[in-house]
Amino acid sequence: MSDYLETLYEGYGQSFRMDKLLHEVRTEHQHLVIFENPRMGRVMALDGVIQTTEADEFIYHEMLTHVPILAHGNAKRVLIIGGGDGGMLREVSRHRSVEQITMVEIDVTVVDMCKLYLPEHSKGAFDDPRLNLVIDDGMRFVATCTEQFDVIISDSTDPIGPGEALFSENFYQACRRCLADGGILVTQNGTPFMQLEGVQTTAGRMQGLFTDWHFYQAAVPTYIGGAMTFAWGSTDAAYRKLPLETLRQRFAGSGIVTRYYNPEIHQGAFALPQYVLQAIHKPSND
């Protein structure tokens, strides 16, 4: 028995007891470890950074899928960038109204190992007939893509290593080009308390591209440092200001049973703390 020490931040971190090492491999792109922990269940780390755990993945995956899809109200084509563990795919596929799901993951080993060792993440969603799984670099895919999508979800690693390009100006511009009229882009954006510069950088990039841009939050215990931000960009400001009753009707109509997401959480998640608003130069949560 040993401890797994996360190396994301200098001088601050977390350790997980590793009861059993299930798999360790240096893939073509990164160092992958999957192990068992008594509190968090099975845990996956890439290049020394915890990516997902069985215990709390539902918070992250529900908030990055149901918020944009239910806000949109008529999303037929969804693009997932990253998400090799299959959790995002599982949640998107629960929306019966979605007709086509494209998922672009750079590392086929992550997909294969997560199917094997983290089957609860995907729950068979890789077999969904609506899925087109593309093993490719996400940046390259959106840069050359001729299709358009109603919702784009960027489920990337931190902006180091293979995930770095997915926070670049070019990436956001390419995503904007791949959005259909009335489309919504959401991206993982780190914990603002620890990664405020990253939030500021994204804000600067979203500002010039989207009629309506903002961030929303959820606290995922494994992503240490407090609440996590998700970037939000859309061509229609009304999506972010939907009445609670509309969200309730859409959520009930979807028939989806969640463990974290609900319409009230959806609305409240867009309220940001003052220090984040100041950092992104927004006078208020409007």
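Predicted model: local features only at pLDDT ≥ 70, side-chain atom pairs only at ≥ 80, totals over all residues.
User: OK, overall dimensions. What does the C-alpha trace span along its principal axes?
Analyst: About 50 × 45 × 35 Å. The radius of gyration is 18 Å, which agrees with the value near 19 Å that a compact globule of 286 residues would have.

User: How many helices and strands are there?
Analyst: Ten helices and 13 strands.

User: What share of the contacts with a separation of 6 or more comes from residues 24 or more positions apart?
Analyst: Those pairs account for 67% of them.

User: Let's go inside. Which residues touch the most other members of the largest nonpolar core?
Analyst: Tyr 216 and Trp 232, in a core of 40 residues. Helix α1, residues 57-72, gives this core its largest share, with nine residues.

User: What about a second core?
Analyst: There's a separate one of 28 residues, with Ile 81, Val 134, Cys 175 and Trp 213 among them. As background, nonpolar side chains tend to be buried together in soluble globular proteins.

User: I'm also looking at Gln 217. Where is it found?
Analyst: In strand β12, which covers residues 212-218.

User: Is Gln 217 buried or exposed?
Analyst: Buried: its relative accessible area is 15%, and the cut-off for buried is under 20%.

User: Which residues does Gln 217 touch, not counting those up to four places away in sequence?
Analyst: Met 63, Pro 192, Ala 227, Met 228, Thr 229, Phe 230, Ala 269, Ala 271, Leu 272 and Pro 273.

User: Switching to Glu 99. Where does that residue sit, and is it buried or exposed?
Analyst: Glu 99 is in the loop between α2 (87-93) and β8 (100-105). It's exposed, because its relative accessible area of 53% falls over the 50% cut-off.

User: What is Glu 99 in contact with, leaving aside neighbours within four places in sequence?
Analyst: Lys 76 and Arg 130. Glu 99 and Lys 76 are 23 residues apart in sequence, and their C-alpha atoms are 5.0 Å apart.

User: Last one, charges. How many positive and negative ones does the chain have, and how far apart are their mean positions?
Analyst: 23 positive and 36 negative, with mean positions 6 Å apart.

Key
Residues numbered from 1 in each chain as written. Heavy atoms only, no water. Helix = DSSP H or I, 4+ residues; strand = E, 2+ residues; numbered from the N terminus. Rg over C-alpha atoms; globule rule 2.2 N^0.38 Å. Contact = heavy atoms within 4.5 Å. Lys, Arg positive; Asp, Glu negative; His and termini not counted. Charge placed at Lys NZ, Arg CZ, Asp CG, Glu CD. Buried < 20%, exposed > 50% of the residue type's maximum accessible area, 1.4 Å probe, protein only. Core = buried A, V, L, I, M, F, W, Y, C linked by side-chain atoms within 4.5 Å.
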